[in-house]
Amino acid sequence: MTVRDDTMHALIIEDSVLISMMVEDHLRELGFTSIAIADRESTAIASASRQPPDFIAADDSLVEGSGIDAVREICSKRTIPTVFMLGDPEKAPEKHAAPHGYVVAKPFLFDTFKEAVDGAFARVERSNG
């Protein structure tokens, strides 16, 4: 994926500081210049209300709440490309949580993450037709 707009904003919903830092590095390498990080469901929803993201990377289990539930709430207002980063891919969210989302299993490499980001954006583009 090549970010076409120099103001692309991403939201990382993850309670592990190390994983958040790694994902932030990956997103910056992909061209994102604005990144918010939330470790709680309520914080993620509030962050998306203040500055709507162009992309979301989310874990399922958080310190408080669920990244999947946060994505469901955030995406109820508009379609946002999403990558779910799961320790247990068997817990992948239902299609209605984010039908345009991709799932990657932790741990993952940059190339795997990049493919998932590309796929999430492609699904949204196809759905917007």
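Of the 129 residues of the protein chain, 46% count as buried. The structure described here is a predicted model. Four helices and five strands make up its elements; read from the N terminus, they follow the order β-α-β-α-β-α-β-β-α. Among contacts between residues at least 6 apart in sequence, 65% join residues at least 24 apart.

Helix α1 was examined in detail. This helix comprises 13 residues, residues 17-29.

The buried residues of α1 are Ser20, Val23, His26 and Leu27. Because these residues cover an arc of only 125° around the axis, they lie on the same side of α1. An α-helix has 3.6 residues a turn, so residues three or four places apart point the same way. On the other side of α1, the residues Val17, Leu18, Asp25 and Glu29 are exposed.

The buried residues of α1 pack against both strands and a helix. The strands concerned are β1 (9-13), β2 (34-38), β3 (55-58) and β4 (82-86), and the helix is α4 (110-128). Just after α1, Gly31 adopts a positive phi of about 110°. In summary, α1 has one side that carries the buried residues Ser20, Val23, His26 and Leu27, whereas exposed residues, including Asp25 and Glu29, are found on the other side.

Definitions and conventions
Residues numbered from 1 in each chain as written. Predicted model: local features only at pLDDT ≥ 70, side-chain atom pairs only at ≥ 80, totals over all residues. Heavy atoms only, no water. Helix = DSSP H or I, 4+ residues; strand = E, 2+ residues; numbered from the N terminus. Expected span 1.5 Å × (residues − 1). Buried < 20%, exposed > 50% of the residue type's maximum accessible area, 1.4 Å probe, protein only. Arc of directions from axis to C-beta. Contact = heavy atoms within 4.5 Å.
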